[in-house]
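The following note is intended for a colleague meeting this structure for the first time. Please read the points with the sequence and the model side by side.

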Amino acid sequence: DFDVLIVGGGPAGASASIYASRKGIRTGIVAERFGGQVMDTMAIENFISVKETEGSKLVAALEEHVKEYDVDVMNLQRAKGLKKNGKMIEVELESGATLSSKTVILATGARWRELGVPGEKEYRGHGVAYCPHCDGPLFKGKPVAVIGGGNSGVEAAIDLAGIVGHVTLIEFNGELRADAVLQKKLFSLDNVEVITGAQTTEITGDDGKVNGLVYIDRGTEQKHTVELNAVFVQIGLLPNTDWLKETIELSKFGEIEIDNHGQTSLPGVFAAGDVTTIPYKQIIMAMGDGARAALGAFDYLIRNDFD
Ligand code: FAD
């Protein structure tokens, strides 16, 4: 049995495991893929105190740090169910095994919703981007597009307009869905063009880098091309919580609701990182949240009797 069992091996889970095991309590991590989204990241320039690194390097450093401690890492294992059994919490794995722990920290992260058009996968990290905070400065002075006219797309376009040369915002529907105040700000910017009723059909490239996109005007059915250096896809972030729907309170976006100690609606179960309702999904946030959830879990352990 574990004192703290962490589900997820991204920055949130890794951080939680170090904080927990430093308390001298029995700690385990179950992860489908240790490193999480950081494994898919090229350059990282906003992990404070590290001027520049790459995803794979940061994951190697995370792994090395976790290995310094007595953490039972169960990699390539996917959790499929969670339930309370008396005072203990049971996590069921797809392998058929069941793990039992006094507390659980959910750190299963999220994934960006993809457009699913040719060019998107090929140029991911070479002009196809999902995070304006991360990759915006790489395209200083250049033309870029944002796909998606919801709050995140419009926020991204406003943010990028201050850094890049020109922003084309492309929305599939006839109008933007973002809050009125954001739209007002967007339309006040002179280096932004908004195209609605447009279906993006392809991201094109040359020499291994994005050089444009193709969209169809859904009204006239005419094909158009836009020349640019980057495409920021902002059509939603999907938290990895499908397996928790029955047991944990989730927001309407499927994110785990937590209190300010990181505790979920189920006592003894905590959550951290991109999977939660905490905004501004970033590595540095996920690590902080992981530390908080581990300390929250430790607090819970010393306040409850398990005999
Ligand atoms: P994740 O990193 O998503 O980790 C989730 C973990 O849970 C993984 O180990 C996964 O395998 C596991 N998991 C999921 N479901 C299950 C399950 N059912 N059972 C077991 N394990 C499961 N942030 C920055 O700060 N700077 C950047 O430059 C940056 N660039 C990015 C570039 C890209 C392409 C992407 C995709 C993201 C980028 N981010 C960046 C965002 C950053 O990667 C995330 O905010 C961060 O990784 C979130 O950490 P996390 O631990 O919450 O979740």
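1. Two strands are said to pair if DSSP finds at least two bridges between them. Helices (H or I, at least four residues) and strands (E, at least two) are DSSP runs, numbered from the N terminus. On these terms, strand β11 and strand β17 (residues 230-233) are parallel partners, with four bridges; V144 stands opposite A230 in β17.

2. The model is a predicted one, in which local features need pLDDT of at least 70 and side-chain atom pairs count only at pLDDT 80 or more, while totals for chains, interfaces and linings use all residues. Residue numbers start from 1 along each chain as its sequence is written.

3. Strand β11 (residues 143-147) is largely enclosed by the rest of the structure, because four of its five residues are buried. A residue counts as buried if 20 or more other C-beta atoms lie within 10 Å of its own, as exposed if 12 or fewer do, and as partly exposed in between, with C-beta atoms placed from the backbone.

4. β11 also runs parallel to β12, to which five bridges join it, and V144 faces V167 in β12.

5. Strand β12 (residues 166-170) is in turn parallel to strand β13 (residues 192-195), with four bridges between them. L169 lies opposite V194 in β13. Helix α5 (residues 180-187) carries the chain from β12 to β13, and this β-α-β crossover is right-handed.

6. A separate point concerns an open sheet of three strands, ordered β14-β15-β16 with antiparallel pairing. Its edge strands, β14 (198-206) and β16 (223-227), each pair on one side only. Eight bridges link β14 to strand β15 (residues 209-217) in the antiparallel sense, and D206 has K209 as its bridge partner in β15.

7. Which residues have the most contacts inside the largest nonpolar core? They are A16, I105, L106, A107 and A271, in a core of 45 residues. Such a core is a set of buried Ala, Val, Leu, Ile, Met, Phe, Trp, Tyr and Cys residues joined through C-beta atoms within 7 Å. Helix α6 (residues 283-303) supplies the largest share of this core, six residues. A second, separate core of 36 residues includes A129, I203, F232 and I235.

Notes. A crossover is right-handed if, with the strands pointing away from the viewer, the path from the first strand over the helix to the second runs clockwise.
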